[in-house]
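Please read this briefing alongside the sequence and the model.

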Amino acid sequence: MAVLDERYELARKQFNDLKSSGLVSGDFEGKVWQYRSSNIPFTSLCSVQKRHEDQPALPTVTGKLARCFIAHEMLRRPSATLVIGRMAAVRRLSAVMNNHDVKWSDITRKVFDTTVDSIRQDHSEATVYHRANALKAFLNFLNNFSITSSGVPLRFLERFIKWKTGVPNPTHSNLELTSQQFRHREETLFSPDLHEGIAKARCLIKNDPSLEPINGFDRVRLEATCFGMALGLRVGEITNLPENCLFQDHDTHTTFVRVPVEKNLIPAAVPVAD
């Protein structure tokens with residue numbers, strides 16, 4: 001435990017320096033730190049909703065490792081969301097180790113795989129992806145958690161653990177046209193008869209302008225939405241279109257819109273959907 005004891009005192013100094021700068025508050029060995037106005041709990045996962053102060057503390061060794069890890073992470077001044085995610089992953093790992101009676105001297109890649117499976121039971125794939133990366137960051141920290149004593153390097157882990165999360169970035173899957181996630185997103189976000197609904201709403205407002213709070217208030221939004229759907233443009237790109245943006249190719253009779261682009265003086269020609 002010489003490695004942990006020496007690094008723990010280093011973490012205490014780092015915490016006090018951060019506290020002096022006003023970035024973090026609380027007691028170093030307390031159950032909760034405050035970082036960027038957010039709570040960072042050093043408590044075990046609890047099935048019953050309680051205040052962090054009323055939850056059981058992490059096991060002694062895990063709690064010390066967690067404080068060393070989080071203090072080290074805070075030195076880079078990351079967002080509170082990132083630190084909260086890091087701590088959530090450590091707490092889940094601790095719960096898995098406790099449930100399977102795993103000691104730190106016996107930890108293997110399987111424990112991290114089991115932890116990812118445990119996270120997947122309660123969270124979306126996006127959260128699983130971020131928590132798995134947090135576990136990877138914690139493992140990288142543990143692999144380098146060492147000191148030098150009398151010129152001899154001492155490590156906390158007896159052996160280097162090489163582990164890959166195996167969790168793909170769900171954002172990439174959502175953008176892959178042939179993926180199941182992309183099809184599900186299309187079905188969830190877009191109704192196949194949306195254009196008909198917009199057309200009917202526009203027709204009602206055109207025939208009875210009194211439906212709008214002021215003239216053109218809703219109609220301009222409906223027409224801009226339809227225009228955006230046809231071109232695949234963002235709102236800001238639509239508002240930047242010049243008056244002479246619309247033109248038609250005389251050979252193919254295809255209608256195009258000239259769209260200004262940042263990296264080229266020549267506007268891009270975007271075809272208008274039928």
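The notes below begin with the basis of the model and then go through it topic by topic.

This is a predicted model, in which local features need pLDDT of at least 70 and side-chain atom pairs count only at pLDDT 80 or more, while totals for chains, interfaces and linings use all residues. Residues are numbered from 1 along each chain as its sequence is written, and side-chain values use heavy atoms, with hydrogens and water left out.

**The three-stranded sheet**

- An open sheet is formed by three strands in the order β6-β7-β8, and their pairing is antiparallel; strands are DSSP runs of E with at least two residues, helices are runs of H or I with at least four, and both are numbered from the N terminus.
- The edge strands, each pairing on one side only, are β6 (246-248) and β8 (264-271), where two strands count as paired if DSSP finds at least two bridges between them.
- From one strand to the next the twist averages 40°, with axes taken as lines fitted to C-alpha atoms (for helices over the stretch in contact) and angles running from 0 to 180 degrees between N-to-C directions.
- Three bridges hold β6 and β7 in the antiparallel sense, and across this pairing Leu 246 stands opposite Val 257 in β7.
- Strand β7 (residues 255-261) is joined to β8 by five bridges, again in an antiparallel arrangement; Phe 256 stands opposite Pro 271 in β8, and Arg 258 has Ala 269 of β8 as its bridge partner.
- Both connections are hairpins: six residues lie between β6 and β7, and two residues lie between β7 and β8.

**Positive phi angles in loops**

- Most residues other than glycine have a negative phi.
- His 253, in the loop between β6 and β7, has a positive phi near 60° although it is a residue other than glycine.
- The relative accessible area of His 253 is 58%, so this residue is classed as exposed, a term for values over 50%, with buried meaning under 20% and partly exposed in between (1.4 Å probe, protein chains only).
- Ser 150, which is not a glycine, has a positive phi of about 55° and lies in the loop between β4 (146-149) and β5 (152-155).
- With a relative accessible area of 78%, Ser 150 is likewise exposed.

**Cysteines**

- Zero disulfides are found in a search of the whole structure, a disulfide being a pair of cysteine sulfur atoms within 2.5 Å.
- Cys 68 is buried, at a relative accessible area of 3%, and Cys 245 is buried as well, at 10%.

- The largest cavity has a volume of about 30 Å³, the volume being the space filled by probe spheres set on grid points that are joined across faces, edges and corners.
- Its lining consists of Arg 7, Leu 10, Ala 11, Gln 14, Cys 68, His 72 and Phe 141.
- At least two residues of this lining come from each of α1 (2-20) and α2 (60-74), and α1 gives the most, with four residues.
- By class, the lining has four nonpolar, two polar and one charged residues, where Ala, Val, Leu, Ile, Met, Phe, Trp, Tyr, Cys and Pro count as nonpolar, Asp, Glu, Lys and Arg as charged, and the others, Gly among them, as polar.

Key: On a 1 Å grid over the protein atoms alone, a cavity is a set of points where a 1.4 Å probe fits but cannot get out, and a pocket is an open set with protein on both sides within 12 Å along at least five of seven lines; lining residues have an atom within 4 Å of a point.
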